Amino acid sequence: MKSLKAQEVPLADTGFQLNVLNSTFSEQKQFPKFRDKLAAHNLYPLKPTGIQIFQVNLGKMCNQVCRHCHVDAGPDRKEIMTRETMLECLEALAQTDIPVVDITGGAPEMNPDFRWFVEEVSRLGRKVMVRCNLTIILANPKYHDLPVFFKLHQVQVVSSLPYFSATRTNAQRGEGVFEKSVKALQMLNAVGYGKEGSELILDLVFNPSGAFLPGGQAGLEKEFKRRLKLGFDIDFNNLFVITNLPISRFLDYLIESRNYETYMDKLVTAFNPAAAENVMCRNTISVGWDGFLYDCDFNQMLELKVNSQAGNHIRDFDLTSLNNREVVLNQHCYGCTAGAGSSCGGETVA
Amino acid sequence: MENTYYNPADLAKFGNISELQPEMGNKFFSYYAEVFKEGALTEREKSLIALAVAHAVQCPYCIDAYTTDSLQKGADENQMMEAIHVAAAIKGGATLVHGVQMMNKLKEVTM
């Protein structure tokens with residue numbers, strides 16, 4: 001399977017995606033504007049609460065081509081962050097006391113400067129999270145020691161596993177992904193990740209493999225723990241439940257399967273003001289592979305740059321200006337405010 | 001009236017039944033919500049039971065709702081199909097067990 005960009009389809013264009021989301025095509029059903037929903041609950045304009053998470057996307061290159069991927073990542077994507085941009089990230093971080101650096105991709109480990117960057121962030125005394133797709137650990141012998149490298153730097157590993165069985169996982173992430181993910185999780189467990197009493201944290205991310213919203217995080221976590229232990233002797237710490245946002249490849253799937261309007265209806269109907277208050281863009285800044293700044297990874301993939309007076313590139317990083325910005329919103333934001341809410345750390349409503 | 005008895009869009013209007021009898025309707029929905037909360041059974045188990053019953057009573061709205069709900073609660077395809085087989089077994093069994101009545105009557109009226 002190729003990325004949307006490699007297929008040169010209209011949806012590869014972010015402007016086209018935004019047109020779909022804003023129902024600009026005549027035959028489309030109209031949905032209430034997200035900003036109006038927020039305004040009705042005195043949340044517009046949406047303002048940051050202070051940056052706690054510095055999320056860095058090291059690039060769109062990935063060994064997998066998942067059907068729901070909001071990054072449109074894959075082996076055919078060559079956009080990756082240079083060491084120069086990483087240095088600018090480190091300079092920006094050093095001016096602040098932002099405690100958490102969340103590294104994502106694509107498969108961030110495929111960036112040749114990945115390990116160097118993790119080491120440098122650790123040297124700044126910040127907690128490092130890596131969003132590891134698991135199969136990368138087995139993709140090439142040069143990645144087999146990643147669990148040991150993660151352990152050395154006390155990296156919190158956050159890994160996608162849409163299901164505890166092969167059928168559903170492979171349908172979303174590709175043939176053989178479940179089996180490799182299980183093996184990788186066992187390798188992480190073997191060095192102490194996710195084990196009781198260990199400080200090495202291994203969290204899993206669940207996102208629905210289809211046009212439906214996720215159920216409650218607590219119930220799903222219990223079931224994932226039971227099934228993964230029973231079937232594969234796998235331990236992990238927390239399950240983060242994430243709603244699929246209607247952008248990029250998931251939007252493509254929704255349109256192709258004729259589920260787009262029903263899915264948007266579900267998101268809009270499930271709008272929860274309590275979830276809206278705790279959306280991740282209020283405490284996160286997201287850096288793209290080319291150094292541009294965004295309110296979140298989803299805005300990054302829609303090329304909706306941050307609205308900061310000091311500028312929108314990492315070399316313009318100004319914490320005060322960023323903390324005073326207005327978050328850039330669009331219709332995809334309904335994905336983060338449905339039901340119990342959704343963020344890179346799972347539900348946003350306790 | 002619609003041209004068909006069942007319209008998928010009507011599922012979302014289920015709550016409207018309270019319009020003509022608010023007191024009973026509200027009591028029903030309050031009870032309904034309470035039933036599906038996690039208790040001695042998990043929400044996932046309750047959803048699978050609902051899915052099985054939906055097939056037994058052959059309610060298209062319920063099949064629509066509880067297929068999605070079972071997925072949301074973390075049930076997999078095997079569990080969902082097994083739940084339907086449980087419903088089928090009970091319905092089939094209920095038919096067949098009456099065969100004993102037939103056999104009783106048969107014995108009564110034949111030489």
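1. Some ground rules. Residues are numbered from 1 along each chain as its sequence is written, while chains are lettered from A and ligands numbered from 1 in the order in which they are written. As this is a predicted model, local features need pLDDT of at least 70 and side-chain atom pairs count only at pLDDT 80 or more, whereas totals for chains, interfaces and linings use all residues.

2. The cores. A nonpolar core is a set of buried Ala, Val, Leu, Ile, Met, Phe, Trp, Tyr and Cys residues joined through C-beta atoms within 7 Å; buried means that 20 or more other C-beta atoms, placed from the backbone, lie within 10 Å of a residue's own. The largest has 99 residues, and A:Val128, A:Val130 and A:Val157 have the most contacts inside it. Helix α9 of chain A (residues 177–190) gives the most to this core, with six residues. Helices here are DSSP runs (H or I, at least four residues), numbered from the N terminus. A second, separate core has nine residues, including B:Leu48 and B:Ala83.

3. Helix α11 of chain A (residues 248–256). Among its buried residues are A:Arg249, A:Phe250 and A:Asp252. The buried residues of α11(A) pack against α1, α2, α12 and α14 of chain A. Just after α11(A), A:Arg258 takes a positive phi of about 60°.

4. Where the chains meet. The contact (C-beta atoms, placed from the backbone, within 7 Å) takes 14 residues from chain A and 11 residues from chain B. On the side of chain A that touches chain B, α10(A) gives the most, with three residues.

Terms used. Buried ≥ 20, exposed ≤ 12 C-beta atoms within 10 Å, placed from the backbone. Helix = DSSP H or I, 4+ residues; strand = E, 2+ residues; numbered from the N terminus. Contact = placed C-beta atoms within 7 Å.
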